[in-house]
Amino acid sequence: MTSLALTDTTSASDDADAYEHTLRELRERTEALTDALDGADVRRGPIGRNAALRDLHTRLRGMAALANHALGGWPDTQDPQ
């Protein structure tokens, strides 16, 4: 993914495209997060609840990593989601 920070080699158009791409990806991840959150309601017992919370946590961290990367705060790394 391209950092949103403008550099000598990027244009405002490239920056806007990267921004729109980031928003699209965050929307997709929000839908997946909502589905996981809805599914967490039916998890029973400590193991099921723990697994649901781990899944939600991983998804939220992935979204934060995407936004931070787009801001130029994180290097290219493998995303957990």
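A helix here is a DSSP run of H or I with at least four residues, and helices are numbered from the N terminus. Keep that in mind as you work through this predicted model.

**Exercise 1. Find out which helix holds Asp-55 and Arg-59, and how many residues apart they are.**

Solution.
- Start with the overall count: the chain has 2 helices and 0 strands.
- Now place the pair: Asp-55 and Arg-59 both sit in H2, 4 residues apart, or about one turn of the helix.
- Then look at their side chains. Asp-55 and Arg-59 form a salt bridge, with the closest N and O atoms 3.1 Å apart.
- Check the cut-off: a salt bridge needs a side-chain nitrogen of Lys or Arg within 4 Å of a carboxyl oxygen of Asp or Glu, so this pair counts.

**Exercise 2. Decide whether Asp-55, Arg-59 and Arg-29 are buried, partly exposed or exposed.**

Solution.
- You'll need the limits: buried is under 20% relative accessible area, exposed is over 50%, and partly exposed lies in between.
- Asp-55 has 28%, so it is partly exposed.
- Arg-59 comes out at 22%, so it is partly exposed too.
- Arg-29 has 15%, so it is buried.

**Exercise 3. Track down the salt bridge partner of Arg-29.**

Solution.
- The structure holds 2 salt bridges.
- In one of them, the side chain of Arg-29 meets that of Glu-25, at 3.0 Å from N to O.
- Both residues belong to H1 and are 4 residues apart, about one turn of the helix.

**Exercise 4. Compare the reach of H1 with its expected span.**

Solution.
- H1 covers residues 12-40, which is 29 residues.
- At 1.5 Å a residue, you'd expect 42 Å.
- From first C-alpha to last, H1 reaches 41 Å, close to that expected value.

**Exercise 5. Work out how H1 and H2 are oriented, and what covers the buried residues of H1.**

Solution.
- The two helices pack at an angle of about 170°, with their axes 10 Å apart.
- Angles over 145 degrees count as roughly antiparallel, so that is how H1 runs relative to H2.
- Residues making this contact include Leu-26, Arg-29 and Leu-33 of H1, along with Asp-55, Leu-56 and Arg-59 of H2.
- Next, list what is buried in H1: Ala-18, Thr-22, Leu-26, Arg-29, Leu-33, Ala-36 and Ala-40.
- Their cover includes H2, which spans 45-70.

**Exercise 6. State what share of the chain is buried.**

Solution.
- The chain has 81 residues, and buried ones make up 21% of them.
- For the surface, the accessible area comes to about 5,800 Å², with 55% belonging to carbon and sulfur atoms.

Notes
Residues numbered from 1 in each chain as written. Predicted model: local features only at pLDDT ≥ 70, side-chain atom pairs only at ≥ 80, totals over all residues. Heavy atoms only, no water. Buried < 20%, exposed > 50% of the residue type's maximum accessible area, 1.4 Å probe, protein only. Areas by Shrake-Rupley, 256 points an atom, 1.4 Å probe, with all protein chains shown as cover. Expected span 1.5 Å × (residues − 1). Contact = heavy atoms within 4.5 Å. Axes fitted to C-alpha atoms, helices over the stretch in contact; angles between N-to-C directions. Parallel < 35°, antiparallel > 145°, perpendicular 65-115°, else oblique.
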